[in-house]
Amino acid sequence: MANFSIALFLFTFILFSFSEAREILVGGKSNAWKIPSSQSQSLNQWAETSRFRIGDTLVWTYEEGKDSVLKVTKEDYEACNTENPEQRFEDGKTKVELEKPGPFYFISGAKGHCEQGQKLIVVVLTPRRRFIGISPAPSPAESEGPAVAPSSGAANLKVGFLAVVVGILGVGVGLV
């Protein structure tokens, strides 16, 4: 019975370690939500080198009462308009779940900060579609959402690995 408990614990650990959603600290560090000192320090530079998926949560840390995070439209992002945000966060530890594919626009709510570059665009990847049968590839005109860069077979490798673990657990349980 102890072997079964250990196997069940290992299976649960492995299953949760392959979870796709994650919390992502904006800028990769706790003090990143600030006016950038140069273009290379821009949060958009950081975002362009990161991959964001549906279900990921962005996390900002900043001094409560001195700054804020505003989720805005593209137009308000470009104009640094802080008047009518879609969402306003002022708690010092903001978390925003990325619930759909496409671009998300964020600006600082502190006066003059957006105009000095304290803003962020995050593009959430469109999930890959899996087809059961053979079907022709859609033409470029039929595509929807942002383009998705090709990925490795890591997802298939995860599924295959999980199948092996489940098989081993099944054999282990049968021996108990």
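I note that the model is a predicted one, in which local features need pLDDT of at least 70 and side-chain atom pairs count only at pLDDT 80 or more, whereas totals for chains, interfaces and linings use all residues. I number residues from 1 along each chain as its sequence is written, and the side-chain values use heavy atoms, with hydrogens and water left out.

**Entry 1**

**Entry 1: the chain as a whole**

I counted four helices and seven strands in the protein chain, and read along the sequence the pattern is α-β-α-β-β-α-β-β-β-β-α. Of its 176 residues, 31% count as buried; buried means under 20% relative accessible area, exposed over 50%, and partly exposed in between, with a 1.4 Å probe and protein chains only. For contacts, meaning heavy atoms within 4.5 Å, I looked at those in the protein chain with a separation of 6 or more, and residues 24 or more positions apart account for 72% of them.

**Entry 2: the four-stranded sheet**

I found four strands in an open sheet, ordered β4-β3-β6-β7, with antiparallel pairing. β4 (87–89) and β7 are at the edges with a single partner strand each, so one side of each has no neighbour in the sheet. Neighbouring strands in this sheet are turned by 20 degrees against each other on average, direction ignored.

I went through the pairs in turn: β3 and β4 are antiparallel over three bridges, with F89 in β4 as the bridge partner of V69; β3 and β6 are antiparallel over four bridges, with L70 opposite I107 in β6; and β6 and β7 are antiparallel and joined by six bridges, with V122 in β7 as the bridge partner of F104. On β3 itself, V69 and K71 point one way and L70 and V72 the other way, and all are buried.

**Entry 3: S68, just looked up**

I placed S68 in the loop between β2 and β3 (69–72), where S68 is buried with a relative accessible area of 4%. Which residues does S68 contact, leaving aside its neighbours within four places in sequence? I listed W33, Y62, F89, E90, I107, S108, G109 and A110. S68 and W33 are 35 residues apart in sequence and 9.1 Å apart in space, C-alpha to C-alpha.

**Entry 4: the nonpolar cores**

I took a nonpolar core to be a set of buried Ala, Val, Leu, Ile, Met, Phe, Trp, Tyr and Cys residues joined through side-chain atoms within 4.5 Å. The largest has 20 residues, of which F52, L58, W60, F106 and L120 touch the most other members. The elements giving two or more residues to this core are α2 (43–48), β2 (57–61), β6 (102–108) and β7 (119–124). A second, separate core of seven residues includes Y77, C80, I107 and C114.

I then looked up L120, and, its neighbours within four places in sequence left aside, its contacts include V26, W33, L43, W46, W60, Y77, F104 and F106.

**Entry 5: the disulfide**

I searched for disulfides, a disulfide being a pair of cysteine sulfur atoms within 2.5 Å, and the count came to one. C80 is joined to C114, with S to S at 2.1 Å. The pair links distant parts of the chain, 34 residues apart, with C80 in the loop between α3 (74–79) and β4 and C114 in the loop between β6 and β7. The torsion about the S-S bond of C80 and C114 is about -70 degrees, so the disulfide is left-handed.

Terms used
Two strands pair if DSSP finds at least two bridges between them. Axes are lines fitted to C-alpha atoms, for helices over the stretch in contact, and angles run from 0 to 180 degrees between N-to-C directions.
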